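Biologist: I am new to this structure and would like to learn how to read it. Could you walk me through it, one feature at a time?

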Amino acid sequence: DSITGSLKGIIGKIRHQDDVASLNRATSELKKAFLKADVHHKTTKDLLNSIEIETKKLGIGQNNFIKVLKQELERVLTANGNQGFVFASTPPTVILMTGLQGSGKTTTTGKLANYLKVRNKKVMVVACDLQRLAAVEQLRQIANQIDVEIYFDENEKNPIKIAKAAVEKAKKEHFDVVLVDTAGRLAIDEELMDELKDIKNGINPNEIFYVADSMTGHDATKTAITFKEKIGIDGVVLSKYDGDTKGGVALSIASQVEVPLRFIGIGEKMPDLEVFIPDRIVSRLLGLGDIAGLAEKTSTIFDEKKAKEVSKKIKKGEFNFNDFLEQLSMMSKLGSLKSIIGMIPGLSSAMPALKDMDFENSVEIKRIKALISSMTPKERENPDLLNPSRKKRISSGAGLSEVQVNKILKQFKSASKMAKQLSSKGGMKGLHNMLS
Ligand code: GDP
Ligand code: MG
């Protein structure tokens, strides 16, 4: 239910140049798609207004409409500044993590710690959620898993004291970053707000992050506004962006809360965190996939150099079966399948069933692997070599029918073509070709 599904239909409504009625039809469809994707009604209204105005300025047409749509979505998402992590001028950078219970604070604290650790930062996480017994243990396990320092004090019942002592220790021991995990509540409550205010006053954090559960749709926006008013927030991390979220919540938060979106959580595992990059979110919102994001995601876990090579190859249209095989084996090791599927252009909308697929044991993947392993090294490097007689040989080698072989080859070809179009400078043209 993202904006994706309807986009083709929406753009198809624009038939004639300078036909205002067709533009109106398209914007009214777009409005429905926005609201369905959980974009706030006010955000929707503002967006549609500017899309209409800007498209008319450029001249009504499908290309201009797509260009303006993309540009306006990006404008909203970048309006509030910084993405990613901002380091204080003198370490340690102290971040206070806030949010409702279950929003993903503790997980996000771990993910951020991991994100910083793989970038060679000395990171401490601090257990200040004393509301629930299991909370400290949860953070302890996470800290162990990613091998970062945790500060906690079983004998201390006052989270403010814990936070202060942790920051002191971090200063003495030259930590780069301190991430303070706090307690949440099921709903906004004064006691919680007071506790957070006290911790804030006690440690004077460089930034306060609000972790918003994107699955809660409009509520995420409302609660973020309250947190901003009551304690002041400097950045939002959108968690659970991998789930059945409708995506529009990113637009709503950016435009209604007016605080920069910093990171998105795209799975339960530690590597499932990404810097919030607006054009990627727009691509995903519009169902265009995100090959660059995929390459980057693999790079944090695997070989950064290799990932760069891969994205370079994609851009040049040289992505071959060897690369594909390598990506496949990486993928099976990556965090969560759903998040990966969303990054591959066209795949999430073309094959929704894939989302629930068991990656390593899937028949499709096994077939692809069988097919590639029956190719010669030269064929793997240059898929264009595959003439009918070679295909025949491969099909018998792989135990697949020729129809199956052709199908897979065709999928591969269109996937790499899409990837090239999307990652090259002619991104807009690529988009248009894809949709038409
Ligand atoms: P807290 O109460 O705010 O500390 O929330 P937790 O960090 O304990 O997270 C609550 C639940 O949400 C846990 O089951 C997490 O695994 C899950 N979770 C957190 N972030 C994400 C995410 O980005 N994607 C998914 N799918 N699950 C997440
Ligand atoms: Mg927690």
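Modeller: Gladly. Let us begin with a point about records: UniProt positions are given in the numbering used here, feature names are shortened, and annotations may be inferred rather than shown by experiment. In this case the UniProt annotation, from an unreviewed entry, reads "domain: SRP54-type proteins GTP-binding" and covers residues 260-273. Residues are numbered from 1 along each chain as its sequence is written, and chains are lettered from A and ligands numbered from 1 in the order in which they are written. This is a predicted model, in which local features need pLDDT of at least 70, side-chain atom pairs count only at pLDDT 80 or more, and totals for chains, interfaces and linings use all residues.

Biologist: How many helices and strands does the protein chain have?

Modeller: Helices (H or I, at least four residues) and strands (E, at least two) are DSSP runs, numbered from the N terminus. The protein chain has 21 helices and eight strands. In the annotated stretch, residues 260-273, 43% is strand and 0% is helix, and the C-alpha atoms at its ends lie 16 Å apart.

Biologist: What share of the residues counts as buried?

Modeller: A residue is buried if 20 or more other C-beta atoms lie within 10 Å of its own, exposed if 12 or fewer, and partly exposed in between, with C-beta atoms placed from the backbone. Of the 436 residues in the protein chain, 44% are buried.

Biologist: In which order do the strands of the sheet stand?

Modeller: Two strands pair if DSSP finds at least two bridges between them. Here the eight strands form an open sheet with mixed pairing, in the order β3-β2-β4-β1-β5-β6-β7-β8. β3 and β8 (273-275) each have a single partner strand, so one side of each is left without a neighbour in the sheet.

Biologist: Which way do the side chains of a strand point?

Modeller: In a regular strand they alternate between the two faces of the sheet. Take β2, residues 123-128: V123, V125 and A127 point one way, M124, V126 and C128 the other way, and all are buried.

Biologist: Which strands does β2 pair with?

Modeller: β2 runs parallel to β4 (residues 177-182), with six bridges joining them. Along this pairing V126 has V180 as its bridge partner, and A127 stands opposite D181. β2 also pairs with β3 (residues 149-151) in the parallel sense, over three bridges, and there V125 stands opposite I150.

Biologist: What sort of unit do β2, α6 and β3 make?

Modeller: A crossover is right-handed if, with the strands pointing away from the viewer, the path from the first strand over the helix to the second runs clockwise. β2, helix α6 (residues 133-146) and β3 make a right-handed β-α-β unit. Two residues are in contact if their C-beta atoms, placed from the backbone, lie within 7 Å. α6 lies across β2, β3 and β4, and runs at about 165 degrees to β2.

Biologist: Which residues of α6 are buried?

Modeller: They are A135, V136, L139, I142 and A143. Seen down the axis of α6, these fall within an arc of 125 degrees (taken from the directions from the helix axis to the C-beta atoms), so they line one face of the helix. Their cover includes α5 (105-117), β2, β3 and β4. The face turned away from the buried side carries the exposed residues L133, A134, E137, N144 and Q145.

Biologist: Where are there backbone details to look at?

Modeller: Start with P91 and P92, which are joined by a cis peptide bond with omega about 0 degrees. P92 sits in the loop between α4 (62-78) and β1 (93-98). Then look at K240, which is not a glycine but has a positive phi of about 55 degrees. K240 lies in the loop between β6 (235-239) and α10 (249-257), and counts as buried because it has 25 C-beta neighbours inside 10 Å.

How values were computed: Axes fitted to C-alpha atoms, helices over the stretch in contact; angles between N-to-C directions.
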